[in-house]
Amino acid sequence: METFPRVNSQLLAKIAGRLMRCPASPHHEDAVRTEAEQICREYGLNFKRDSYGNLLVRIQTTKAIRPFALAAHLDHPGFEIIRSLGKQKWLARFLGGVPDEYFKSGIPVRLMPGAIRGKLGKRIGKQKEFEILSDQPLETVPQFAVWELEDFAIRNQQIHGRACDDLVGVAATLTAMIALKQSCARVNVIGVISLAEEVGFHGALAVATSKELPKDSLIVSLETSRELPPVKMGKGVIVRVGDRTSIFDSAATRFLMEVGGDLKKRNKAFQFQRALMYGGTCEATAYQEYGFQTTAVCVALGNYHNCADRKKIDAEYVNLADASSMVELLMSAARQMANYPKLINRLPLRLNKLLREARKHASPKTRIKERGKARGIAEVEKSATSH
Ligand SMILES: [Zn+2]
């Protein structure tokens, strides 16, 4: 067996727990980034910050293989404090996608740093600006605030917490890289752990337009995404063919599907799904628009952006086995990068075989002329650039 699911899922839960206990909002990811760096140190992963502050993690045991980049983000929708309005009153702006009707005064919040309890006050103006009232006078001005919700728990084989989005993606990235390192795999993997995704992919755009990522990298965006038909929570990692805005690279997406199919043959318990996840736009759209070959994976998310039934703010949740299957798929894909052309060429080979059958079965009158032959995307791309 190529992977060790149980070990990976324990490691994944442990890392997710460490990250999720560090509250963050867009532009206020210092604590969770420090924790991610500490995890890298403990497990011997090389890392650095780029000039924007994104965290780039590398495991490069061979340079002969195209870089396989795993992209996930550290922030989660939350409040930034604008200024003081009195001794225990602050003006705050909410950053991230949460509909208006969820902002009811009295909802408990946590002021950071210091984890001071407070609550949401009245709305001020049309922008998402609110009063936040702290339970006690504060000596220093808080910088940001998050919903007062459980940080992390595992119940019924699910991860529950304020910010599954996207710390489960970050945890999956780090877990896959640690497990690859521990198994001495021949891989070339870059973890791109970005800031400020919820306000419009700021970190990802900074990376995409810098020189940090080799242009020939194959980028996979890792997300948690609102559970929408036809995907089902508990049915495994979702190979995400697109988001609300874009369709991702067909060959790269097919590569992940081939890897998933091979994994399933070796391990019947492995589950994966394939779907257009139209609930939101993910970083893959940003990377793709800046010229990278890009695809995406995600796991189904409950209470997306903390929006629960009856307009209530509550913890998000994902299925732990879904997240583990995301780790497995990405580990296997990282190992298979050297075989990328072979894997994506399976489809034209299958189609050519079907074409031969079609010709055999055609009556003399309707016989298909001997000219069409599936060439595969790699061949089409090659001929497009060489002519
Ligand atoms: Zn989000």
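Modeller: The largest nonpolar core has 115 residues, and among these V297 and L330 touch the most other members. Such a core is a set of buried Ala, Val, Leu, Ile, Met, Phe, Trp, Tyr and Cys residues joined through C-beta atoms within 7 Å; a residue is buried if 20 or more other C-beta atoms, placed from the backbone, lie within 10 Å of its own, exposed if 12 or fewer, and partly exposed in between. The model is a predicted one, in which local features need pLDDT of at least 70 and side-chain atom pairs count only at pLDDT 80 or more, while totals for chains, interfaces and linings use all residues. Residue numbers start from 1 along each chain as its sequence is written.

Helix α3 (residues 164–182) supplies the largest share of this core, with 12 residues; helices (H or I, at least four residues) and strands (E, at least two) are DSSP runs numbered from the N terminus. Because domain 1 (5–76 + 153–341) and domain 2 (78–147) both give residues to the core, it lies between them. The domain assignment, which is automatic or from a database, also lists a domain 3 at 351–386. Domains 1 and 2 have C-alpha centres 30 Å apart, and their contact draws 14 residues from domain 1 and 17 residues from domain 2, where contact means that two C-beta atoms, placed from the backbone, lie within 7 Å. On the domain 1 side, the touching residues comprise five nonpolar, six polar and three charged; Ala, Val, Leu, Ile, Met, Phe, Trp, Tyr, Cys and Pro count here as nonpolar, Asp, Glu, Lys and Arg as charged, and the others, Gly among them, as polar.

Returning to L330, its contacts beyond four places in sequence are L70, A172, A176 and V220. Helix α7 (residues 320–336) packs against helix α5 (residues 250–266) at about 110°, with the axes 9 Å apart; axes are lines fitted to C-alpha atoms, for helices over the stretch in contact, and angles run from 0 to 180 degrees between N-to-C directions. The two helices, α5 and α7, are therefore roughly perpendicular, on a scale where angles under 35 degrees count as roughly parallel, over 145 as roughly antiparallel, 65 to 115 as roughly perpendicular and the rest as oblique. Where they meet, α5 brings F255, L256, V259, G260 and L263, and α7 brings E328, L329, S332, A333 and Q336, which by class gives six nonpolar, three polar and one charged residues.

Helix α3 also packs against helix α2 (residues 30–43), the axes coming within 11 Å and crossing at roughly 10°, and α2 and α3 are therefore roughly parallel. In this pair A36, I39 and Y43 of α2 meet V170, L174, I178 and K181 of α3, a contact of six nonpolar, no polar and one charged residues.

Two further residues complete the picture. L56, in strand β2 (residues 55–60), is partly exposed, with 19 other C-beta atoms within 10 Å, and beyond four places in sequence L56 touches F47, K48, D50, I190, V192 and E212. T61, in the loop between β2 and β3 (68–73), is likewise partly exposed, with 13 other C-beta atoms within 10 Å. Setting aside neighbours within four places, T61 contacts A185, R186 and V187, and the C-alpha atoms of T61 and V189, 128 residues apart in sequence, are 8.9 Å apart in space.
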